[in-house]
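Biologist: Please show me the model, and then I will ask on what grounds its features are named.

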Amino acid sequence: MTKLASSAFPFTPRTLNALTGELVGEGQKAKQFSDAKVSDLKLDLTRTGKKTFSFRAQKDGKKYYECIGSYPAIGIDEARKIALAYRAQLDRGLDVSADRKRLKDEPTLAEFFHGPYLTHAKAKKRSWRDDVSRFKRIQPALGHRKLSAVTRRDVEQFLLGVLDELTPASHNRFRALLSAVFRCAVEWSVVANNPCSGIRQLIENNARIRALSEREQMAFIQAADAEANQTAAACLKGLALTGCRKSELQFARWDNVNLERGELFLPATKNGRSRTVLLNDEARLLIASLPSRGQSPWLFPNAKDAEKAIINIDKAWRRILVQAAAILGEPIEDVRIHDLRHTFASQLANANCSLHVIAQALGHRTVSQSARYAHIRNDVLREASGAAAAAFRKARLAAAANSEEATAA
């Protein structure tokens, strides 16, 4: 073995397995061996016995080095093929370290998302904040990976984990975000492939409609009145009174409010069109009482910086649901913030409003609906919205009465 240790020899499993750390001399970090069949293939042996293949060569007085991998994870035949491929690149005048340099410079998924992708999304997507929110869930699982290292299997495993906790619709939103990020990376020549390609969307059940019952709405109002974060609570009550989408009200500005006419102008909505929400008397009263009036450009400002809109109303929503359930003495199940919009719509339906009126009040839009909604007058829409105000007022009075009874007891 001493002879082998001091000269090049054919790499075989027997000869490599016989090498031990004892062959590394005092003061040496590692000892190098050369393959007699492929002279550019080397094996470094450390004092701990670790064995690593590498490509080492010279051309025109310049030295080249590339790590191939550890033995026996990388087999001898595979290491020889890689070394020969590097030699062929070198002989053709190509940079054998180009792939290593490219990988070193390649961003991780998190770096690419928070950098180039997010800059692009902010310029092109009104819903970019939703992307940021969803990526918070993706980042711990995949964010540390180099873009080219994320495989289809990695994406599928992440989505399976999401599906265990969330709905098929949420699964599809996460898949769509990852696909959009990698599509940008491919278009901008950062990586060659999109690992999301071929991963099918799940069938979504869009028939789910959940609205608060009269008792649940009464408890919701009572709990919202007691919520510590009154800005978030007011925003949530506003959703029930206007039928707005969460982001529409969350980022509503005072510049777009006309309390005298009872109107809230939304310059950008989900369907890409602006619209005007006709405020019923309860919604107008709620907005008029907001302390942000004259203090912030936003109806519902951020608690730390009044120049910014409120960021998160979900935590307050969860606290309100817990408190409302305690008031009712029973759980309030399967309800989301968006269901406040469903509650608004159901109250219009219970007041015998037509589907056309309801669709107009909610700001829905399709080509066929546009023609049918065109004849709906503002006074009809205002009357329809008043039905939601009447139901809300009834629940609010019940909440007040319930609070008085609890205090008296």
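Biologist: What makes S5 and strand S6 partners?

Modeller: This is a predicted model. In it, 2 bridges join S5 to strand S6 (residues 263–266), and the two run antiparallel. Asn258, for one, has Glu263 in S6 as its bridge partner.

Biologist: Which strands are the edge strands of that sheet?

Modeller: The open sheet has 3 strands in the order S5-S6-S7, with antiparallel pairing. Strand S5 (257–258) and strand S7 (275–278) are its edge strands, as each pairs on one side only.

Biologist: What is the strand order in the sheet of 4 strands?

Modeller: The order is S1-S2-S3-S4 in an open sheet, and the pairing is antiparallel. Strand S1 (30–34) and strand S4 (62–71) each have a single partner strand, so one side of each is left without a neighbour in the sheet. On average, neighbouring strands of this sheet are turned by 30° against each other, direction ignored.

Biologist: What lies across S2, strand S3 and S4?

Modeller: Helix H3 (residues 76–91) does, running at about 20° to S3 (51–59).

Biologist: Why does the length of helix H14 agree with what it should span?

Modeller: Helix H14 (residues 339–350) has 12 residues, which at 1.5 Å a residue should span 16 Å. The end C-alpha atoms of H14 are 16 Å apart, so the two values agree.

Biologist: What makes H14 mostly covered?

Modeller: In H14, 9 of the 12 residues are buried. Among them are Asp339, Arg341, His342, Phe344 and Leu348. Just after H14, Asn352 takes a positive phi of about 65°.

Biologist: Why is Thr15 called buried?

Modeller: Thr15 has a relative accessible area of 5%. Buried means under 20%, so the label applies. Thr15 has its place in helix H2 (residues 13–17).

Biologist: What does the side chain of Thr15 reach, and how do you know that this is a polar contact?

Modeller: The side chain of Thr15 reaches the backbone nitrogen of Thr12 at 2.9 Å. A polar contact needs N or O atoms within 3.5 Å, so the distance meets the cut-off.

Terms used:
Residues numbered from 1 in each chain as written. Predicted model: local features only at pLDDT ≥ 70, side-chain atom pairs only at ≥ 80, totals over all residues. Heavy atoms only, no water. Pairing = 2+ DSSP bridges. Axes fitted to C-alpha atoms, helices over the stretch in contact; angles between N-to-C directions. Contact = heavy atoms within 4.5 Å. Expected span 1.5 Å × (residues − 1). Buried < 20%, exposed > 50% of the residue type's maximum accessible area, 1.4 Å probe, protein only. Polar contact = N/O pair within 3.5 Å; in protein donor to acceptor, adjacent residues only side chain to side chain.
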